[in-house]
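Morning. I have one structure to go through today, and I will keep to what can be read from the model. Please have a look at the sequence and the coordinates first.

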Amino acid sequence: MAPSTRSLAMPMRLLGLSNASWPARAKARTACPAWRECLATRHAGIDEDHQRLIELLADSWRALADDALPKAEVRRRIEALDAFARQHFGFEEQLLAHPGMNAGHRDRHIKGHQRFLETVQGVLDMVENLPPDVCSHFMDFLSSWLVHHIRETDKELARQCVLLGLPLA
């Protein structure tokens, strides 16, 4: 059974799509994510987690693209991404709780985490019924978001850790 237009509204809103625009804009623009040295923040714990997050995102991406894979296995892989992202974001948010952290950065950082998790949850809520083009748009969004978040937001977090004398491991 295909999802109704109404059931797609929340996830499409997260992606910045309207009901009228999603078919025309749903083609993915990004390749499956991969770790690159330019993503390193120089905080060992964050970088190790990012490498694992990218592996889990790529695994979820491949699972969604594999029509032969049972939906239960696709769901299991996306749930693994969700669980690890929650753990990693918790680690970063502990760093962000340091009294010397920039409050504006902290608030934007946490809101970004929430948006990522809402999008992953949107995929999980409809994994059995999402059309392939919508799935690829979700994965495109998550991949683009993660790379941007690492390059901009997490590198700033690592820089603030250095300024505050916090350990980088």
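Let me begin with the contacts. Taking the contacts in the protein between residues at least 6 apart in sequence, 77% join residues at least 24 apart. Keep in mind that this is a predicted model.

Next, the secondary structure. The protein has six helices and zero strands. Along the sequence, the pattern reads α-α-α-α-α-α. The protein has 169 residues, and 46% of them count as buried.

Now confidence. The average pLDDT for the protein is 83, and 81% of the residues score at least 70. Where is confidence lowest, and where is it highest? The lowest is helix H2, residues 22-25, with a mean of 40, and the highest is helix H4, residues 71-96, at 96. Residues 1-12 have a pLDDT below 50, and this stretch makes 21 contacts in the model beyond near neighbours in sequence. Residues 14-29 are also below 50, and there the number of such contacts is 31. Where pLDDT is low, the predicted coordinates should not be read in detail.

On to the helix pair I want to show. H4 packs with helix H5, residues 103-126, at an angle of about 170 degrees, and the two axes are 10 Å apart. How do H4 and H5 run relative to each other, parallel or antiparallel? The cut-off for roughly antiparallel is an angle over 145 degrees, so H4 and H5 are roughly antiparallel to each other.

As for who meets whom, the H4 side includes Ile78, Leu81, Ala85, Phe89 and Leu96, along with charged residues, among them Arg75, Glu79 and Asp82. The H5 side includes Ile110, Phe116, Leu117, Val120 and Leu124, together with His105, His109 and His113. By class, this contact has eleven nonpolar, four polar and seven charged residues.

Thr153 sits in helix H6, residues 132-163. Is Thr153 buried or exposed? Its relative accessibility is 18%, so Thr153 counts as buried, the cut-off being under 20%. Leaving out residues up to four places away in sequence, Thr153 touches His105, His109 and His148. His105 and His109 are among the H5 residues that meet H4.

Arg42 lies in the loop between H2 and helix H3, which covers 44-65. The phi of Arg42 is near 75 degrees, a positive value in a residue that is not glycine. Most residues other than glycine have a negative phi. With a relative accessible area of 55%, Arg42 is exposed.

Glu55 lies in helix H3 and counts as partly exposed, at 45% relative accessibility. Glu55 and Cys32 are 23 residues apart in sequence, and their C-alpha atoms are 9.9 Å apart in space. Glu73 lies in helix H4 and is partly exposed, with a relative accessible area of 22%. From Glu73 to Ser60, 13 residues apart along the chain, the C-alpha separation is 9.7 Å.

That is what I have.

Key. Residues are numbered from 1 along each chain as its sequence is written. This is a predicted model: local features need pLDDT of at least 70, side-chain atom pairs count only at pLDDT 80 or more; totals for chains, interfaces and linings use all residues. Side-chain values use heavy atoms; hydrogens and water are left out. pLDDT is the predictor's confidence in each residue, from 0 to 100. Helices (H or I, at least four residues) and strands (E, at least two) are DSSP runs, numbered from the N terminus. Contact means heavy atoms within 4.5 Å. Buried means under 20% relative accessible area, exposed over 50%, partly exposed in between (1.4 Å probe, protein chains only). Axes are lines fitted to C-alpha atoms, for helices over the stretch in contact, and angles run from 0 to 180 degrees between N-to-C directions. Angles under 35 degrees count as roughly parallel, over 145 as roughly antiparallel, 65 to 115 as roughly perpendicular and the rest as oblique.
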